[in-house]
Amino acid sequence: MVTDVAVTRDTNTVTVLGGPTALIHLAGWTLLTDPTFDAAGTEYKDGPVVVRKTADPALKPAQLPALDAVLVSHTGHLDNLDTAGRTVATGASEVFTTVAGAEDLGGAAVGLEPWQTRTLSKPGRTPLNITAVPARHGPVGTEDITGPVTGFLLHTDDGSAPTVYVSGDTVDLDAMSALAQRYRVDVALLHLGAAGFEELGDIRLSLTAVQAVEASRLLGDPLVVAVHAEGWAHYTEDRSHVQQVFNGVGVPLHWPTPGDPITLPDPHTR
């Protein structure tokens, strides 16, 4: 269960709810990433493969706090936007996703081109910028299979809150290098687990542990939070393996307990 800390507007926190879904409280704003709220055991036919959910979300949609925006890295895969999650997204007043995702969701959804920025702004609150970060959901050449995907960078102009990167499902380390050249990254929510399916052979659709270590280096050694690494059946690397790889090279990794908020670092202490 999310504690009071997670819903205090003056505290910057991330609360992973399961799979790719995280509540982010940042600069007084509340955002939700890649909503997935269907029950454990649910299976979906997704093109040539079957995806199966193995864990319930830490919160049900009715238990969510008021949301200022929903971030959807892509709408084409049910492990990033399942049936109940789609209802949450389409009911939100602000939704940011890919251009194709906005056409899919309709309504309030805004499709962002790579590096395009939109700003959440209300009187008396620090404006929060949402910048689309290029992403590629698999090795070069798999784009026609996986479809478009985006990451997001959350940042303030005054630097009063930590800068948070949400990778989405991507293995595009070049884009992460480009991100670090443009912006400072304090926190990185990296989609791990090296997602894969027997039907697709050796293709990995999200970061391997080795790639994630390299991503951390390229991003300037931010606080790395493991996301989309448990709760579904198609991860090919488990927590023990990922943690062992990170420990082996001395790179810190925060693997959160679903529902427990993580207090984000003060950007002025890095």
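**Strand pairing, turns and a cavity in a predicted model**

Tyr44 sits across from Val51 of strand E5. The two belong to a strand pair described below. The model is predicted, so local features require pLDDT of at least 70 and side-chain atom pairs pLDDT 80 or more, while totals for chains, interfaces and linings take in all residues. Residues are numbered from 1 along each chain as its sequence is written, and side-chain values rest on heavy atoms, without hydrogens or water.

Strand E4 covers residues 43-46. Helices (H or I, at least four residues) and strands (E, at least two) are DSSP runs numbered from the N terminus. E4 and E5 (residues 49-52) run antiparallel and are joined by four bridges. Pairing requires at least two DSSP bridges between two strands. E4 has two faces: Tyr44 and Asp46 lie on the covered one, whereas Glu43 and Lys45 lie on the uncovered one. E4 and E5 form a hairpin with two residues between the strands. Gly47 has a positive phi there, near 65°. Gly47 lies in the loop between E4 and E5. With a relative accessibility of 53%, Gly47 counts as exposed. The classes are buried (under 20% relative accessible area), exposed (over 50%) and partly exposed (in between), using a 1.4 Å probe and protein chains only. The C-alpha atom of Gly47 is 17 Å from that of Tyr235, although 188 residues separate the two along the chain.

The protein as a whole contains six helices and 15 strands. Its radius of gyration is 17 Å, close to the 18 Å that the globule rule gives for 270 residues, so the protein is as compact as a globular protein of that length. The radius is taken over C-alpha atoms, and the rule is 2.2 Å times the number of residues to the power 0.38. The C-alpha trace spans about 50 × 40 × 35 Å along the principal axes. Of the 270 residues, 55% are buried. Contacts (heavy atoms within 4.5 Å) were also counted by sequence separation. Among those between residues at least 6 apart, 63% join residues at least 24 apart.

Seven strands form an open sheet with mixed pairing, in the order E8-E7-E6-E3-E2-E1-E15. E8 (109-111) and E15 stand at the edges with a single partner strand each, so one side of each has no neighbour in the sheet. Strand E1 (residues 13-18) is mostly covered, with six of its six residues buried. E1 runs antiparallel to E2 (residues 21-26), with five bridges between them. Val14 has Ile24 of E2 as its bridge partner. E1 and E2 form a hairpin with two residues between them. Gly19 lies in this turn and has a positive phi of about 55°. Two bridges join E1 to E15 (residues 262-263), again antiparallel. Thr13 is paired there with Thr263. E6 (residues 69-71) and E7 (residues 95-97) are parallel instead, over two bridges. Leu71 stands opposite Phe96 of E7.

Leu153 belongs to strand E11 (residues 150-155). Leu153 has a relative accessible area of 0% and is therefore buried. Beyond neighbours within four places in sequence, its contacts include Ile130, Val133, Val164, Tyr165, Leu179 and Val185.

Most residues other than glycine have a negative phi. Trp115 has a positive phi of about 70° although it is not a glycine. Trp115 lies in the loop between E8 and E9 (117-120) and, at 22% relative accessibility, is partly exposed. His228, also not a glycine, has a positive phi of about 50°. His228 lies in the loop between strand E14 (223-227) and helix H6 (239-248). At 3% relative accessible area, His228 is buried.

A search of the whole structure found one cavity of 30 Å³ or more. A cavity is a set of points, on a 1 Å grid over the protein atoms alone, where a 1.4 Å probe fits but cannot get out; lining residues have an atom within 4 Å of a point. Points are joined across faces, edges and corners, and the volume is the space filled by probe spheres set on them. The largest cavity has a volume of about 30 Å³. Its lining consists of Leu17, Gly18, Gly19, Thr36, Lys53, Ala55, Asp56, Pro57 and Gly231. Three of these residues are nonpolar, four polar and two charged. Here Ala, Val, Leu, Ile, Met, Phe, Trp, Tyr, Cys and Pro count as nonpolar, Asp, Glu, Lys and Arg as charged, and the others, including Gly, as polar.

Definitions and conventions:
On a 1 Å grid over the protein atoms alone, a cavity is a set of points where a 1.4 Å probe fits but cannot get out, and a pocket is an open set with protein on both sides within 12 Å along at least five of seven lines; lining residues have an atom within 4 Å of a point.
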